[in-house]
Each structure stands twice: as C-alpha cells, then as structure tokens.
Amino acid sequence: MKLHKYALFAVASALILAACSGAAPTAPPAAAATPAPAKPTEAKPGEVITIEYWQYNFQSRIDVMNDLIKQFEAANPGIKVIHNSEIPNADFQAKIAAAAPAGVGPDVATLFNGWLTGWVNAGYLVPLPEKDFPPADIEKNFTTLVQGTKFQGKYWAIPTAVRSLALFWNKDMFKAAGLDPEKPPATLDEFVEYSKKLTKTEGGKITQQGFAVEMTGQAHQWFREVLTRQYGETPFSADNKTLNYGSAKSCEAFKWLTKFETEYKTGSNDLFDGATTAFTNGKLAMHIDGSFRLGALNSAKGLNYGVAVLPTKDNIKANFGSFWTHGITKKGAADPKRMEAAVKFLKFITTPAAGTAWVKGTGELPAQLSAAADPALAADPKLGAFAKQMSYSVATFFVDEAKQRQNLIDAFDAVRLQNVEPCKALADAVKKDQALYDEFWAKNK
Amino acid sequence: MASLSQGLSSGPVRSRSDSGPLLAYVLLGIGAIVMIIPFFWMLTMSLKDPSEILKPQFLPAAPTLDNYTQVLTRTLFPNWYFNSLVAASVSTASVAFFDSVTGYVFAKFEFPGKRIAFLLILATLMVPTEMLVIPWFIMATGVKLADTTLGIVFPGLITATGAFLMRQAFQSVPDELLDAARIDGMHEFGIFTRVAWPLVLPALAAVCIFNFLGNWNAYIWPLIVTSQRLTMTLPIGLAFFSNEAGSAWNLIMTGATLSTVPLLTVFVFMQKQIIQGVALTGMKS
Amino acid sequence: MSLKNRRVVWAYIFLLVPLAFFLVVRAGPTIFAFDVSLRAFNPMAEIKPYVGFDNFARVFKDIADPDHVTRKAFENTLKYVIIGTPIQLSLALGIAMLMNSIRRFRTIFRVIYFIPFVTSAVAVAWVWRALYMPDFGFLNLVLGLFGIPSQRFLFDPNQSLLSVTAVVVWQGLGFAVIIFLAGLQAIPETFYEAARVDGAGRWRLFGSITIPLLNPTIVYLAVLQTIAFLRMFAEVVNLTRQGDGGPVNTTTTVVLRVFREGFGSLNMGYAAAMTVLLFAMIMVISIIQFRLVQRRVEY
C-alpha cells in the first residue's frame, strides 16, 4: 500500500531529476565548448592547469581566438584553456555578474573598455601584475587608447585589438549623383553638401538617403568625442570628472548633427530598418560606423563601398576608439597556479603577432603599435582609413555606457520628434550624465 | 448597434428583422480578418527572399522555402524547439500531479492549519513573478542551475492557480464515493489516483493545456536564467535573430511561423476542450 | 490511530511537497526580494551592504522627476492600464454579444478570435513590428491605398504607446471574448422576456440586465487585464529598437526598467525596490477587486 505512494513520488522525483540532468539537450552544431568549473590544482609536475576564458558570441572573434588558443596550448603543454563564447553581447555583462557569486566564471575575461571602471569598482578584476605587464612597456608598445583605461594608477586589462570610426560611402550612388566615386567628402561642409545631393525622394517619400544619423549606433560616439573637438571643445576634463559636451560650442556641433533630419531631410534611422541595414542594403549613401561593420558589409551582395577617414572641420582631426580588453578576474587570481597560467595566456594573446592574426580574422586593428605600423595595413583599401586615424583616436572614460548612450539618443529624439530646442535637449542629457559621474567619483575617493 | 438587441436573445426565437444577424456576421467577419491578417503577413514574409523583405509589397515576387531550410538546418532553432518542448512537458507533468494533489487535499480533507496553508498559497498568487526573478536568479546561479532545464522550469513546477482550479473540480466529487472506497479498505493515495482523479479530467485537461501554453510562451524568466544560446527556449532564441547589427527579418518571421504552427494545429484540433477550459477559469471568478 | 487522525496525517503527507515548494520557491524569494531592495546590490561585488530605504527613496525621487525614465515607466504603465483595459473589454463584450446572436460559424469565429492568444508574445510582437514598419509595413501599404500618408507608428512618440497597446489588446481579445460569451450564455432568457413584457427597450435591457449580471465577469477580466498590463515586458522589449522602450521612453514599462537596471546596470537593489512597488500596486488592485465583487452579490 505504501509502496504505491512511494512509487508515484519516485516517478515524480525521477521526472524532476531527469530535468535536472538536462543541460544542453542536443549536440551543439558549432564547436563551442561548455564551461566546466575550474578545479584547484595539485603541485604535481606535468599536471595540467585549466583556465577558463570568456568572451561574447561573435563568430569571427571566436574563430581567431580558437586558433590562438591552439597555438598557446601547443607552446604550453601544461595549460589548457576552456573557451566559453556562447553568451550574446547584450547579456554578457549581466551573465558574468551572475556567475560571480556562485564562484563560476572566467579566469580571464574579455570586457568592453567602457565597463572597466564598473568591474574594478565591484572588485571583480585584479590589477595586471606589474612585473609581467610593466606600465612603461604598455605605454611604449600599445596605442594611446589603452592608457585611457588606467584607473586608480594601475592597469587592469590589456587588449588584442582596437576599433575606431570611419566614413563608409557607396561608390555606385556617388557615381549616379555625378560625384567622383573615389573622392569622399573631406570636410564637414562637403559632407553636408554631398548628403543633400545623394538624397532622392519620390512622391514625398525618401527612396535613397544621403545620410542618416544613427544615434543608436556610433553617431553618439562621433558626436561626443569627435564633433565636439572639431567645434573647439574638449568633451571631458583631464581628470574625467567634468563633462563639457553640453557647452555652447558642443551645442553647435549637436545642432549641426540634428539638421540632417530636421532641415536637410537626408534620411532617418527610423527608415529602412535602421541606418546600418539601410547602408548594407544600398538604401543609404554615407554612413559613420566602426571597423567591426566590415565583416557584414563585405558579405553584402553587390555593395560597392569605400572607407575613408572621418571628415574634418577647420583641419581638426579627431576620432573615437573603443576596444574589448582582457583582464584577470579575482577567481583566476585566487589560485597561484591559475594566476600564473592566466598571466601567460594574457601575454600570449596580446603580442603583436596575435594582433596581426586578429586583424585578418575580424577587421579590427592591432592594439600594439608595432603591428599597427605595418605598411600593409595602411595600404589596405578598407582597413587603411582606420589605421591612419589610430594615432589621434581617443577612448571615452565611461561610467555607465548604456545610460550615457541612451541619454544622447533621447536628446536627439527630443529634438527631431518633439521639437525641443537642441541646446536644451543636449544640456538635459549632459546634466544626467554629469550626475552619473558625480556619483561615481563620490564612491571612488 | 442594432445587433445589440440580437445579442440579448440567446435563444432561437427571433422576432426582430433579419438584418440583425447579417450585420453581426459582417462585423464579426471584418474582426476575424483583423485577427488573422498578422499571421498572413508573417507567412508571406517567411516566404520572401531576404532581398525582397524590405520592399513595400504584399506578396513575394519569387516565393522561396530557403528561409525555412536556413532556420531548420543552419541555426540553433531545432535546439530551441527541443528545449521549449522539454521544459513545457516537464512543467506540465509536474503541475498535473502536484496541483491535483494540492487541490484534492484542500477540497476533501480537514486538518489543523488548513486555513493558514490555504492563505499562504493564496498569498503567493499576489506576488508577481517579476518581483521574484532577481531572487530566483541569485538562487539558481548559486546552485548552478543556470542554463539547465530545471533552472528554467523550477519556478512553475507547482502553481497556485492550478491548485485552486483542481480544488474546485474536486469539490464536486461526491464524498460518498470516497467513503465507500475507504470502507472497501483502499488507502488514501489509491483513492486519490483511482477514484477522485479520473472524475476531474476536464479540469485537469484545462490546467495542463494552460500550463503547457504558458510555459511554451514564457519569456522573462527563461531570458534571465539562460545565457548560452544552446539552452535558450524558442521565444528567447527567436529574439536573438535580431541584434545591434540589424534584424534578420526573414529568419524571424520563419521562426515565428514555425513556432506558431504546431501550437495552432493542436489548438484547432482541441479547441473545444481548450475553450471550455478557459470558460471554466472564468466561471470560477 | 483513529480514522480521523489517519486522514489528517495523510493530508499532511500530501501537502508536504507542495508546501515545501511554495515556501522555497515563493515565500522565501519574496522575503529575499525585500532584502535585496534594502541593499546596495551589485552581483559582481563581494559585499552588498544594507542601505536601509535608500533604494526606495531613490525610486520615489526619480518618480518625482518629470524627466526621469523611471517616472516615464510608471506613467506609461498606468497609461497602458487606463487606455488598454477599457478598450479591450468593450471590444470583447461587443464581439461576444455579436457571437451570441449568430447561429452558424460560431465555432470558427471563436477559434479565429482565440488564435492570437495561443501565440507567443514574442512572435506576436515581431509580426506587429513588421506590420508597423514605416516604409514597408503592411499597415502603411494599406493606408497608402487610401491615399493616407505613411505613419511612423512605433517611431513616433505620439503614436508609439497606442501602437503597443493595440498589439496587447489584439492578443488578449480572444480570451476576454470567450469568458464574456460564457457569461452571456449564463444569463437566463427569462430575465429578458420578463423585462420585455414590462416594456423595456433594447438599451434598457442591456443596462439593467446584461451589465449588472455580467458584473463579476467584467470585474474579473478588468483585474486580470490590469495586472497583465502592469507586468508588461515581452511585448515592449520586442517591439522597440534594441528593447529600449520606444522613442524618448514613450513606451517603456516598469518591468522593462527593472530588467535594465537590475541586469543591465547591475543595480539590483534599485530594481528590487521597483518590483516591491509593483507588488504593492498589484495588491491594491486585487483588494479592490475583492471588495467590488463582494458588494455586488444581489440578484
């Protein structure tokens, strides 16, 4: 009698346990490994130390990294690297954060440079050991962008590759509009002129856009770091505590940007499913984007495009750089053997050779100056424009990249959709950003 | 609306003019078209070649099944489908059993603390899952349940709504039947499974169907507890056909069609039971 | 052991697992959520110190700030409730009455109106997003046939909230129709006949018989739909670009903000405080419902 009852409870629990064992139900089609918890190691010689490396899901990066890992493991038979690259970009920070309290997670992680301060604040990263990564060497061998990540007097992460912005233009559209397809606009004024010429309408609807401001893409970076400088402003104070991109000069830059939609009507991010898609599909003549776009553009059928340096104003050249950078987590640092392995791995993936390999696979530029100085790079029709601008690219010291981006998007939308006066909209956005920075610095000495 | 008066008479006797029902048919027909059009659009978009998708046209110029091949063979769609199926099935099996047991006890037993237990379960109805996702998330990652089937289903293995529905259903089971079985020497568990349970099948079916549906379409919790593409369920995976680089509309629409069609077929065949079940939940109010 | 006591023991045995479940999965986490809301909770950090009611103070301060996105989230959510619930219920009642008045095709109509309800919110959102597209969406194509200029719908701050509401109303319509239909069919014909004999006209019948007798159903559906709107998340995330809550935050909801603050900016304490507020709102509504239904026990 009781047997019956136990039997049924057993069935029910078996059901639940069956569900328990179900991690990934079917074999993954791609060759991505699932993370296993890192085991503490014994002091046996010939023992293999396993470290975990996490980066976000992006096929070309995964492929290059897999190659690098193979080379690294071959040169270091005592170390095995588990590569977790399954998490989508949008989730990456949250899911790493989630794993932290459970003691699960990477020993070496790749993070967006804008997240660095947040991770350091939470105590998640350990500083790069100075004997292995002397700051003087970093400053000598790596692009100045990296120096922007110095925080509390130390370096916490080091990148393989960096990206900057460039002007993408559709050569066929240029030709059709009577413009020289090999000569993109060099100044902001030319840029405006061209964009008007390249816009086509039919019955009141735009059928071809000259230029569309993609605030949700890179346009906010373009405004914050590049246009403000070209209008004579320094967007951030040297100590990154005061924000100046809401000043009168910055406002002129902002107004210039809003006119594309409010006055010249050369296009909008609302049309054709967004500016990036529009450019890829041949509905947009000019586009400001980062080098990470090259992959998608190269596979777009029938797209004949060129890449140029950003247009200048009053001969002021400026560019915005960003990068994904690698750091060692507190989990990795907890065990001396894993820490040693992690340091070795980190050194390996940030050599000039690694940088060069990265370029080929992903279209990003090497972070190491020697690799970036490769003349082949400057001569490359697509990468050349990015390479030329590296020497004057600046990385932003973000406090909350998502919120800062959204504040500018909202300001831009307020102007073009709700007729708010541009300087007021901008000032409101910068006020919100300043509050974020004030709060951040209050917590940090 | 003239048809309102027609609405009031639920019987066959109709002394009003016959333009009433005709107007009703027309209005209902127009409404039905509005309800169906999005599905039609979804289907036609799934048949369009990617280059045609962004063109302002009603029908595809060159309909193709390429999108279906791509979604089924070159994306993780089959994984997501399987994950959703497993999760929904496990959850429904658990609910079918435990919700019934809970409902049965509250319907047919008296015991000290019954009121408190009842209120506890009732109280859980008022707490929205959105409030619990943060604690669940921390709990789940703490015991390494993230990205597992159990992690996805554990919050819904027993539901208060199901339990209450089953309680109502069991209340209409005559006590005499149960007492007779007791006199016959049957033990309580057997009475539950062999006498009472079979009598509440319609309610059970309704609970199962709703639970399966709810789990299949669940979004916020699976979104939070899964971080790897392999372990995602359908709704989550579908959303990832779009990212900051743009949306693969052809894949999204194809995925949406593929995920809707099976549910639709089941629904069309079982619509009578399903709709009865829905009405049942309304009656309980 | 006496028969009665044995049954009590069995009751406890049966309830063992379910009660344990509710304690561990529902009650415990509820308390945990309150706890998180009282801390500065960054999941990445080692310590999550208690900060008393700081998070709540910040939420209220942000709600008081007309420019703040938290305030917009609460405003929008309330707008969804106030606009969406009456529209959905009125439409559903009208459709149910129409359906009640016809004899043929009733089953087919019931099925068709119910189909959107069984579809996942994500699929629905993406399909409608495509329908709403300014330049190649179905709706603008149709408007174009009538010479009406293209509307921006989801991209227009004045239309975005209504556009999202329409989607949610569309999806939930079938459920309300079925419930109303059942309710209508439960009204005895004799009531109407008696009233007609007394000389009551159509509108009188509707107002004095149908609505009052449907009152429990109306309240039930209103509360259900209100709570559903208060918890809205999946639709807004999938209808807006990158799930950001619409142009200038015109469609963002409380739960979307909770998600972004908690899992994006890692301010889980603040996010948890928002969920506590949400819980309070839902509790208030449920209590109001309870009172309303209790009052109307006549007939």
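**Exercise 1.** How many residues of chain B are in contact with chain C, and how many residues of chain C take part? Describe the chain B side.

*Solution.* The model is a predicted one. Step one is the count: 79 residues of chain B are in contact with 85 residues of chain C. Step two is the main contributor: helix α15 (residues 249-283) of chain B gives the most to the side that touches chain C, with 16 residues. Step three is the composition: this side of chain B has 58 nonpolar, 17 polar and 4 charged residues.

**Exercise 2.** Compare the span of helix α12 of chain B with the span expected at 1.5 Å a residue, and name residues of α12(B) that are buried.

*Solution.* Helix α12 of chain B covers residues 201-216, which makes 16 residues. From first C-alpha to last, α12 of chain B reaches 22 Å, close to the 22 Å expected. A residue is buried if 20 or more other C-beta atoms lie within 10 Å of its own. In α12(B), the buried residues include B:A203, B:L204, B:F210, B:F212 and B:W216.

**Exercise 3.** Characterise the largest nonpolar core.

*Solution.* The largest nonpolar core has 303 residues. Those with the most contacts inside it are A:F345, C:A96, C:V127, C:V177 and C:F233. Helix α7 (residues 160-185) of chain C gives the most to this core, with 14 residues. From chain A, the core draws at least three residues from each of domain 1 (49-163 + 322-383) and domain 2 (164-321 + 395-443). Finally, take C:V177: leaving aside residues up to four places away in sequence, C:V177 touches C:A92, C:I95, C:A96 and C:Y113.

Methods: Residues are numbered from 1 along each chain as its sequence is written. Chains are lettered from A and ligands numbered from 1 in the order in which they are written. This is a predicted model: local features need pLDDT of at least 70, side-chain atom pairs count only at pLDDT 80 or more; totals for chains, interfaces and linings use all residues. Two residues are in contact if their C-beta atoms, placed from the backbone, lie within 7 Å. Helices (H or I, at least four residues) and strands (E, at least two) are DSSP runs, numbered from the N terminus. Ala, Val, Leu, Ile, Met, Phe, Trp, Tyr, Cys and Pro count as nonpolar, Asp, Glu, Lys and Arg as charged, and the others, Gly among them, as polar. The expected span of a helix is 1.5 Å times one less than its number of residues. A residue is buried if 20 or more other C-beta atoms lie within 10 Å of its own, exposed if 12 or fewer, and partly exposed in between; C-beta atoms are placed from the backbone. A nonpolar core is a set of buried Ala, Val, Leu, Ile, Met, Phe, Trp, Tyr and Cys residues joined through C-beta atoms within 7 Å. Domain bounds come from an automatic or database domain assignment.
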